[in-house]
Amino acid sequence: MADATPSPDPANPLIVALDRPDLDGAEDLARRLAGAAGMLKVGLELYLPNGPTAVERIRRHGLVFLDLKLHDIPSTVGWAARVVGGLGATLLTVHALGGEAMVAAAVEGAAEGARRAGVEPPRIIAVTVLSSVGGESLASPASLAFEAVAAGAVGVVVSGDDVREVREALGEGPLVVVPGVRPAGFGSNDHVRILSPREALVAGADHLVVGRPVTESSDPAAAARMVLAEIG
């Protein structure tokens, strides 16, 4: 049997986004970040050109947050989760807007795929509202988060202003991941609703996703440590 998939490390909340199509370059970043980042994000930019090999190679250097944002009818998402469930990722994202039945299908599919591969299943985490979207006329992130956790997700991905409300709705158990976090001195890029690392944790986040401020640094490990130092 393959090694069990480790749980997220609560002592290191930093998830670094390896958002690039070049797998060799992404793995070099992952290697340099080993021990400095709590998790390494494999998203669509890296996964689509390289497939499961991206997870296999990045996983050599740390825990993998597989950010595919699966969103379709329950049977299709269940099948997709079964396909990637055996790759050894620690977390796998789906869209909360798909509804409780879809989230539940992802949980079941991931478990089945992992069972076949002989690994622990990835924990399903549901994306509520993308950080590139403004807050007007959107479904309530707190309601989406509550429904996703009720369907078996271990937590949610929420943006900036929604963190405190979602944490209050979910209580202390479920994971809350915040993307688009920007350390002091960095711009917002594509994200509309952003927080600093410390603001996100004070609001109730468990994990923070940071990309370019770390990956575009000449010393990514040092930049990661600076983010953690900013948290205090």
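These are my notebook entries on a predicted model of one protein chain.

**Entry 1: ground rules**

I number residues from 1 along each chain as its sequence is written. Because the model is predicted, local features need pLDDT of at least 70 and side-chain atom pairs count only at pLDDT 80 or more, while totals for chains, interfaces and linings use all residues; side-chain values use heavy atoms, with hydrogens and water left out.

**Entry 2: the whole chain**

I began with the secondary structure and found 10 helices and 8 strands. Helices (H or I, at least four residues) and strands (E, at least two) are DSSP runs, numbered from the N terminus.

Next I looked up burial: 53% of the 232 residues are buried. Buried means under 20% relative accessible area, exposed means over 50%, and partly exposed is in between (1.4 Å probe, protein chains only). The accessible surface comes to about 10,000 Å², and carbon and sulfur atoms hold 52% of that. Areas like this come from the Shrake-Rupley method with a 1.4 Å probe; for residues, only the protein chains shown count as cover.

I also checked contacts (heavy atoms within 4.5 Å). Among those between residues at least 6 apart in sequence, 70% join residues at least 24 apart.

**Entry 3: the barrel**

In what order do the strands close into a barrel? I read it as 1-2-3-4-5-6-7-8, with parallel pairing. From one strand to the next, the twist averages 25°. Two strands pair if DSSP finds at least two bridges between them. Strands 1 and 2 run parallel and are joined by 3 bridges; Ile15, for one, has Met39 in strand 2 as its bridge partner.

I then turned to helix 4 (residues 74-84), which lies across strand 3 (64-70) and strand 4 (91-95) and runs at about 160° to strand 3. For such angles, axes are lines fitted to C-alpha atoms, for helices over the stretch in contact, and the values run from 0 to 180 degrees between N-to-C directions.

Which residues of helix 6 (residues 141-150) are buried? I noted Pro141, Ala142, Leu144, Ala145 and Ala148. They sit on the same side of helix 6 because they cover an arc of only 160° around the axis, where the arc is that of the directions from the helix axis to the C-beta atoms. Phe146 and Ala150 are exposed on the other side.

The cover over the buried residues includes helix 5 (100-117), strand 5 (123-127), strand 6 (155-157) and helix 7 (163-170). After helix 6 comes Gly152, with a positive phi near 120°.

**Entry 4: salt bridges**

I counted 14 salt bridges, each a side-chain nitrogen of Lys or Arg within 4 Å of a carboxyl oxygen of Asp or Glu.

Lys41 bridges to Asp19, with the closest N and O atoms 3.0 Å apart. Lys41 lies in strand 2 (residues 39-43) and Asp19 in the loop between strand 1 (14-17) and helix 1 (23-33), so the pair ties together parts 22 residues apart in sequence. Lys41 is buried at 8% relative accessibility, whereas Asp19 is partly exposed at 38%.

Lys69 and Asp67 form another salt bridge, with the closest N and O atoms 2.7 Å apart. Here Lys69 is partly exposed at 27% and Asp67 is buried at 7%.

I found Glu112 and Arg115 bridged too, at 2.8 Å between the closest N and O atoms. Both lie in helix 5, 3 residues apart, about one turn of the helix.

Finally, salt bridges that share partners join Asp24, Glu27, Asp28, Arg31, Arg32, Glu56, Arg57 and Arg60 into one network.
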